[in-house]
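Please examine the structure shown below with its sequence at hand. The paragraphs that follow lead through a few of its parts in turn.

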Amino acid sequence: MVLVTTTITLSCSSLLHYYSTTRTRYVVVRCTRSSSNVVQDIDEKSENVFPPLKVAKRVVLVRHGQSTWNAEGRIQGSSDFSVLTKKGESQAETSRQMLFDDNFDACFSSPLARSKRTAEIIWGARQEQIIPEFDLREIDLYSFQGLLKEEGKRRFGPAFHQWQVDASNFIIDGHYPVRELWDRARNCWTKILAHDSRSVLVVAHNAVNQALVATAIGLEYEYFRTLLQSNCGVSVLDFTPRPDGGSPHICLNRLNQTPGSPVAGGKSGGREASKRIVLVCNGSTQGNTEGGFLFAGDQPLNMLGVIQSQKSAELLLDLSVSSIISSPSKSCIETATAISQA
């Protein structure tokens, strides 16, 4: 299994969309030649079994915009005393514009005010009702909720330190919040995938969206805080039916898509790392054009894919790239070549 924890993802197939997680120092564009084996290993090692699907399904996860407690630095958890700031509403509007061309069939939302309002802005004038789902609420943090960071340190000492450095084993008020969250995320997937729709919007929170991504790709609660979700950041997962009717193939198509450039300076989540890995999706192929989600065959880039590859190369011009490693598929080699030539 290949695990990447310090990653910026840039998708050729969406010229205006940029994806960032962790600020790092060096750049590698990387995809192993054994990608088919990687998919198989993840499928075999994952403990998650999703219901079989009859048709391909895309799920778009969005975190709510900035809230009043985000701005104050308070621990929100699953409390519902925080609402969107003006900046948060503006972020939600930006996400609405970024997702404007997506033809969603349904929208699930956390019932908490900050997510519910974000969902309303993104969903806009669509006639279908937003589906409230209680299990999409943010992580339950019990006595921590409402505290400023300094208050948490002063009142809870060792427990607060454990929350910061060893969250998967953190216990408070007799609960393991992160482990409970992972169980909830699995329960959410059962409901979302069972819904009669092909394209689903899910609007929730940082921690629960992390858990949804992690449980989908087979990562346990030890990976909490690895897949950070920015305010109004977008992550996309594609679920493709198996011919034998088993648990579907799952592809993490985008991770934490935000309006800003993925190669800009600054920190994410207050952290810096020693390396940067940039994962570049190949440009558009004829299989993409025909609506395939995944496993569309070994096809070269179409004209749109060539343009997308060139645009991606331009975005990477200012970076000192130490190596470029490509999948052996035609579209990936052509994309990597465009970056190399630039």
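**Loops, a strand and aromatic rings**

C232 is located in the loop between helix 8 (206–216) and strand 8 (234–240); helices (H or I, at least four residues) and strands (E, at least two) are DSSP runs, numbered from the N terminus. The model is predicted, so local features need pLDDT of at least 70 and side-chain atom pairs count only at pLDDT 80 or more, while totals for chains, interfaces and linings use all residues. Residues are numbered from 1 along each chain as its sequence is written, and side-chain values use heavy atoms, with hydrogens and water left out.

The phi of C232 is near 65 degrees, a positive value in a residue other than glycine. Most residues other than glycine have a negative phi. C232 has a relative accessible area of 3% and is therefore buried; buried means under 20% relative accessible area, exposed over 50%, and partly exposed in between (1.4 Å probe, protein chains only). Another positive phi, near 50 degrees, belongs to D173, in the loop between helix 6 (158–165) and helix 7 (177–194). D173 counts as partly exposed because its relative accessibility is 46%.

Strand 8 is the next element to consider. Why is strand 8 largely enclosed by the rest of the structure? Seven of its seven residues are buried. On one side lie V234, V236, D238 and T240, and on the other S235, L237 and F239, so that both faces are covered. Strand 8 runs antiparallel to strand 4 (residues 57–63), and six bridges join them; two strands pair if DSSP finds at least two bridges between them. V236 is the bridge partner of V60. Strand 8 also pairs with strand 9 (residues 249–258) in the antiparallel sense, over six bridges, and there C251 is the partner of D238.

The structure holds eleven aromatic pairs. Rings of Phe, Tyr and Trp (its six-membered ring) pair if their centres lie within 6.5 Å; planes under 30 degrees apart count as stacked, over 60 as edge-to-face and the rest as tilted. One of these pairs, F50 with F239, is edge-to-face, at 6.1 Å centre to centre and 75 degrees between the planes. This pair links distant parts of the chain, 189 residues apart: F50 lies in the loop between helix 1 (35–45) and strand 4, and F239 in strand 8. Both F50 and F239 are buried. The pair of F144 and F156 is also edge-to-face, because the planes stand at 65 degrees, with ring centres 4.9 Å apart.
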